[in-house]
Amino acid sequence: MTTTVGRGTPLLTADDVHLSFGETTALRGASLHVYAGEVLALMGPSGSGKSTLLHCLAGILTPGSGSIRYGDRDLARMSDTERSTLRRGAFGFVFQFGQLVPELTCLENVALPLRLAGAGRREAQRRAATWLDRLEVADLAGKRPGQVSGGQGQRVAVARALVTEPAVIFADEPTGALDSLNGELVMKLFIAAARDTGAAVVLVTHEPRVAAYSDREAVVRDGRVREQEPAR
Amino acid sequence: MSVGFALLGLLENGPRHGYDLKRSYDEAFGRDRALHYGQVYSTMARLLKNGLVEVESEPGDGPERKKYAITHAGMTDVAEWISRPEKPEPYLQSTLYTKVVLALMTGRDATEVLDAQRAEHLRLMRVLTRRKTDGDLADELICDHALFHLEADLRWLELTAARLDRLAARVRP
Amino acid sequence: MRARNWLFELALGARMSVAGGRAGWFRLGLIAVGVGLGVAVLLGAATVPAAMAASNARTDARAIDGYQDLPRADDTMLTSHFTTRFEGWSISGELLQPEGSHPPVPPGVSSIPGPGRMVVSPALARLLDDPANGLLRDRWDAEVAGVIGAEGLSGPAELFFYLGTDTLSTEHDGRIREFGTPGAIVRDPVPMFVLLTLVGMVVLLIPVMVFMAAAVRFGDEARDRRLAAVRLVGADAATTRRIAAGETLAGAVLGLLIGAGLWVGEILLAHRWGTGALSFYLADLRPVPSLVVLIVIAVPVVAVAVTLSAMRRVVVEPLGVTRMSTPVRRRLWWRLLLPTAGVVLLWPLYRGIDEHSAGYEIQVVAGMAALLTGIALLLPWQVEAVVGRLGAGGSPAWQLAVRRLQFDSGTAIRAVSGIAVSVAGVIAMQGIVTGIESLYTRSSASAPVRYGVAVLPGSSLPDRSWTAALDATPGVHDYRPLRIVRLDGATLRIGDCALLSQLAEVGECRDGDVFGLDGAVAGTTYRLGDTSWTSPATTRAVSRAEAEPTSGETLLITPGAMAGVAVQPDDTNFYVALDPGVPHAMEHLRNSVARLDLQAYLYSYGNDTVRAALAGMRDALLAGAIVLLVLIGASMVVNVVEQLRERRRVLAVLVAFGTRRRTLGGSVLYQVAVPVVLGMVLAVAVGSVLAGVLMTAVGAPLTVDWFGIGATSGIAAVVVLGTTAAGLPILWRLTRPGNLRSE
C-alpha cells in the first residue's frame, strides 16, 4: 500500500511558535505542517521540545507567541472550552502509559470519548466494541486496565483514540513502555487503522523503527523544527 | 575512499606537510588503524592529479618538506561529500564518524550531516517496514534484521549528535 | 538492643510524618486535631461525673427535710421553699424563720438573716445590683445583708437566696433542726433532663470516636508510598509497620496535647458560661483520675491498632504499594450484631421508661451507643451493596464516579460514617427534644389564651386582698377568679364563660350552663358540706382545651348554675390577662403576688422554661453536629485531594482528549455525594426509629422531626458542596495542560 500525501493546504500548521515554562524555553520559533491523512514522525533528542510541540499542536498547551492553525482557525486564539470541544471531536490521543481510567472497563474506556461528545451509552459501547475488535482486543471488553498487559492496554488506548474517527491522532511515544514485539504489533494495528480512517497521525518517538511507520519525519532540536518536505 | 576526503578536509584549515596530515588524521580518525606514511603520499598524489590539492614547496626541499594546500575544487568536493548522506548499509560508522568529525573541524553544521543521514536511513526503513507489513513471516524476519541494524546506526548517530559539543571541543584545533 | 531498634523505628516514623513537607505537616495536623477533638470530648465526659458529684455534695449539705416530726425547740426553724422567675432567670431560695435562739445555719452563711433581710448568692447579688432590675429588688422588699459562700451553692452561677421572715406557720411549712439531713437527700430517679444530657453526650461522643478512627488514617496512601521507599533501602515488612505506627503515634500524642488544651478551654467556658444546674466552680472541674489515665493510654493504643489493622490489607513492597486486589466481600451478619443489640436494649423502653428501675439510664445509653456504632459498621456494607447495583448509565461524570466507588469505596465510607453516626444521633435527639417540647407547647397550636397567667395562692387570704392587689398591679388588664371545690372523685370548677372557654371546648356558653369533662355527666348529685348540688340535665360533655392538664372527672360550672348554693371553695385561683402593651407586666404581677403571698405559684401558659431549656439543648447539639460535620468535611477534602493527586496522570489524559472540566468536577461531586446521601438515608432511618423509641419512652407523642432531618441534610449537602468546591482548585491545577509533561 503506497500512500501519496497531497501537498495542498496543510490540515494543521504551527507557525513560529515560542513557548517557555518559567525559566526554561521549550520552543523557540517552531514551525510545522501536518497534511491530511499523513503519518508524521516527530523525532529529536529528549528535552528537545517534541512533546511540547505535540501538546501545542493538539491545543493542550497555548503557545506564548506564534500561531497554531487548524483549517482556518487559530488554536491560540480559541477559548479553553472551544479547544476542548475541538479535541473531543477532531483529535484523538495515545500516550505512553497510564492513560486508561483504572475504574472503567476497557469497553467503557473506549466508549468514553463518544460519551463525552454526547453519544448515548448503548450506541457508544456498540461502536467501542467494533474498535476493540479491529485492534484484536475484543475479549478484553469487560476487563479493567489493571487486569490487562501493557501491550493490550495500548491497543485499547489506540481504539479509544480512533473511536471518534478524528482528523488527527496525536501519539506521544505510544510504544515507549513496550517491548519490541508488542511495540511492533501496536504500531502495525495503529497505523493500519489510522490509514483506513484517513486520520493524520502525529507520532512523537525516539525509536527509528517506530518512526519508520511514518510517511515523513520532522526533527525537533533546541525548540526548532527541521521539517522534511512532503513527498511529491 | 573516505581517507581522501578526510585528508582533504584536514587541509581546509590551512596547508600542511604530509607528516602533519598523518598525525592529524591519526589523532582524529585513526584510533584503531593509523595511516601508513606511504598511504598519505599515494592519496595526495591522486588528489594532486585530480587537481584537488596543490603543492607548495618550501626552501630546504626534500620529500618530507612538501606542503599541501587544498584547491577550490577540493573544497567543493569535500563540502559535497560531507553533506551527501551515505547509502544506508550496516557498518558504515567509520565513514559517518569521519564526516561528522570533519564537519566539526571545518566549522560546518554537523547536525545537518546527522539529519541528512537520518532522513536517508528512514527512507530505507520505511521501505523495509512497508515490505514487512505487506509480506509474510519470512519477509518480516528478514526486514526486521535489517531494520534493527539500521536503527542501531541511527541511534549511534543520535548519540553522536548529543555529544557533538564534547567532540567539537576535542577535535577543533 | 531490640528495644532500641524499635524505638529508633518509631522515632523514624514520627520524623517521617513531618518530613513530607507541607503535605506531611497538614496530615499530621489533621490527625492531631481529629484525635485532639476526641480527647477533648473524652476528657469532658470524664470531668462531668466529678463536677456533678462536687456540686451535688454542696447541695446535699444544704438539703432541707421539711417532713420531719419535730417539736418546737430553741434550735428549730420553719422553712419554705420559694421559686420565681425574673425575665429569663430562674431564682430559688428558702424562707427561714427561726423558732429559737440557736437555729441551724446553712452552709456558706454566717447567721440567719432576720425578717426582711436576705443573704444571696453572688450571681443573684449581681442581678440585684443591676440598675435595670429594679423590679426584681421590689419583689421581696428585703434588704440584702450578705452573700452566700461557695460552699453553700451548687455553682457560681446559681441564683439562690435565704430570706428571713416571720410569716411562716407550722400549718403549711416544714420544721427543721439542721441542714443536710441525710433523709432529705433522696437521689431522684434519673430525671429526663439528665437522661437527655447523657444521651446527648453519647450522640456526640460516638461520631467523635468514629472520626478519630478515620483521622488516624488520613493520608495513609501517601504514607504507604513513603514506606515503599523505606523498604527499597532494606526495611522489612514488620519495620514498615512499626514506622507507620510511629507516625500515627506522633499524631496521637500531639492529639492528646491538643485535646488537653481544648479541654482547658472547655472548662473555662463551662466555668464562665455555665448556668443553672450546669454551673461549676473551677475546683469542681477535675476529671476522674482513673479515666484520665485510661484516656492517655487508650487513645494512642487504639490509634496504633487502627493503623496496623488498616495496613493488613496493604502490601508495601520496595517498588510500590499493592492494595489487596480482590477485597473481601463485606459480610452483613456480624455487622448486624451491634445494631441488634442496641435495639434489644432499647426495646423495653417502647412501653415507657420505668424511672425507678435501677440502671435504666445505663441501658438507654448503652443501647444508643450500640445502635449508633452499628451504623458505622452497617454503612460500608450498605454502600457496597447499593453502589454495586448502581448502573453506570447516565452522564460520563456519573459513570466515572460510580465506577470509582465500585472500585474502592473504603476511603469515602470512612469519612462518611462519622457524618452518618452524628446525623443519626442528632435526629434521634432532635426527635425526642421536639417530642417533649410538643408536650409543653400544645397550646401554641391553638389561639393564644386570653388569660395567660394563673395565680395559685399558697395561703388562705381573703379574695378581697387578691382582687385589691391585682387591681393595683400595672399591666393587669383583666382577671377572673376560678373557684375550685375538690370532692371525692370529682372536681367542681366555677368560673364565668370567658374563663371556662379557655379551659375546655365549651362552644356556646351562657351563664347558667354546666359542662362535663372526663366522664362527668348530667344528673349526678354532689355533696357540698351541708348542702348538695345536682348537675342539671343540660350538662354537656365537652373535651379539655389542648393546653389544660387532665384532672379527672371535672364539672365546669358557670356561677349562674350554682346561684343560691352556698359554696365554700377549697381554692380560688385567679386567671390574669396581662396587657401586652405594658412593659414588664409579668414582673409587676410576680412582684404583687410575691409581696402578698410568698408561697403563691404562678402558672404561665405557654411555659417557656422547658422550651428554653430544650431549645438550648438542641442548639448545643446542633452546634456540636455542625462542628463535627465541618471537621468531617475537612477530612473528606483531604481524601479527595489525595485521590486526585494519585490520579493526576489519568486526569491530564482525560483533559487532553477534550473532557470538560465540568464533567470532571461533576464526577468529584457525585463521588462525594453518593456515599453521603447513602449515609444520610441510613442515618435518617435509624435516627427516626431511635427518636420514635425515645419519644415513646418519655411518653411524648410520635412526631417526625422534619426540622432536624432538614437541618442535618442541609448541613450534609453543604459539606458535600464545600468538599467538592475545595477539591476543585486542586482538580484545576492537576488538569492544567502542563501536567502531561511531568511524568
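How many residues does the contact take from chain A and from chain C? It takes 29 residues from chain A and 28 residues from chain C, with contact meaning heavy atoms within 4.5 Å. Before going further, some ground rules: this is a predicted model, where local features need pLDDT of at least 70, side-chain atom pairs count only at pLDDT 80 or more, and totals for chains, interfaces and linings use all residues. Residues are numbered from 1 along each chain as its sequence is written, chains are lettered from A and ligands numbered from 1 in the order in which they are written, and side-chain values use heavy atoms, with hydrogens and water left out.

Let's start with chain A on its own. Its secondary structure comes to seven helices and 10 strands; these are DSSP runs numbered from the N terminus, helices being H or I with at least four residues and strands E with at least two. Of its 232 residues, 59% count as buried, where buried is under 20% relative accessible area, exposed is over 50% and partly exposed is in between (1.4 Å probe, protein chains only). Among contacts in chain A between residues at least 6 apart in sequence, 70% join residues at least 24 apart.

Now back to the partner we opened with. The size of an interface is often given as the accessible area lost when the parts come together. Chains A and C bury about 2700 Å² between them, with 61% of that on carbon and sulfur atoms; the figure is the accessible area (1.4 Å probe) that the two parts lose on being put together, summed over both. In chain A, the residues losing the most area to chain C are A:Glu103, A:Arg115 and A:Leu116, together 24% of what that side buries. A:Glu103 also forms a salt bridge with C:Arg404, the closest N and O atoms being 2.7 Å apart. A salt bridge here is a side-chain nitrogen of Lys or Arg within 4 Å of a carboxyl oxygen of Asp or Glu, and the count between chain A and chain C is two. On the chain A side, helices H1 (50–57), H2 (80–90), H3 (106–116) and H4 (121–134) each supply at least two of the residues that touch chain C. H3(A) gives the largest share, five residues. By type, this side of chain A divides into 13 nonpolar, seven polar and nine charged residues; Ala, Val, Leu, Ile, Met, Phe, Trp, Tyr, Cys and Pro count as nonpolar, Asp, Glu, Lys and Arg as charged, and the others, Gly among them, as polar.

Next comes chain B. Here 19 residues of chain A are in contact with 22 residues of chain B, and the two chains bury about 1800 Å² between them, 49% of it on carbon and sulfur atoms. A:Pro208, A:Arg209 and A:Arg221 supply 30% of the area that chain A buries against chain B, more than any other three residues. There are five salt bridges between these chains. One of them joins A:Glu184 to B:Lys132, with the closest N and O atoms 2.6 Å apart. Helix H6 (180–197), helix H7 (208–211) and strand S9 (216–221) of chain A each supply at least two residues of the side that touches chain B.

Finally, a look inside chain C. C:His477 lies in strand S10 (residues 476–487) and counts as exposed because its relative accessible area is 54%. C:Leu198, in helix H5 (residues 192–215), is partly exposed at 30% relative accessibility. C:Leu198 and C:Glu361 are 163 residues apart in sequence and 8.2 Å apart in space, C-alpha to C-alpha.
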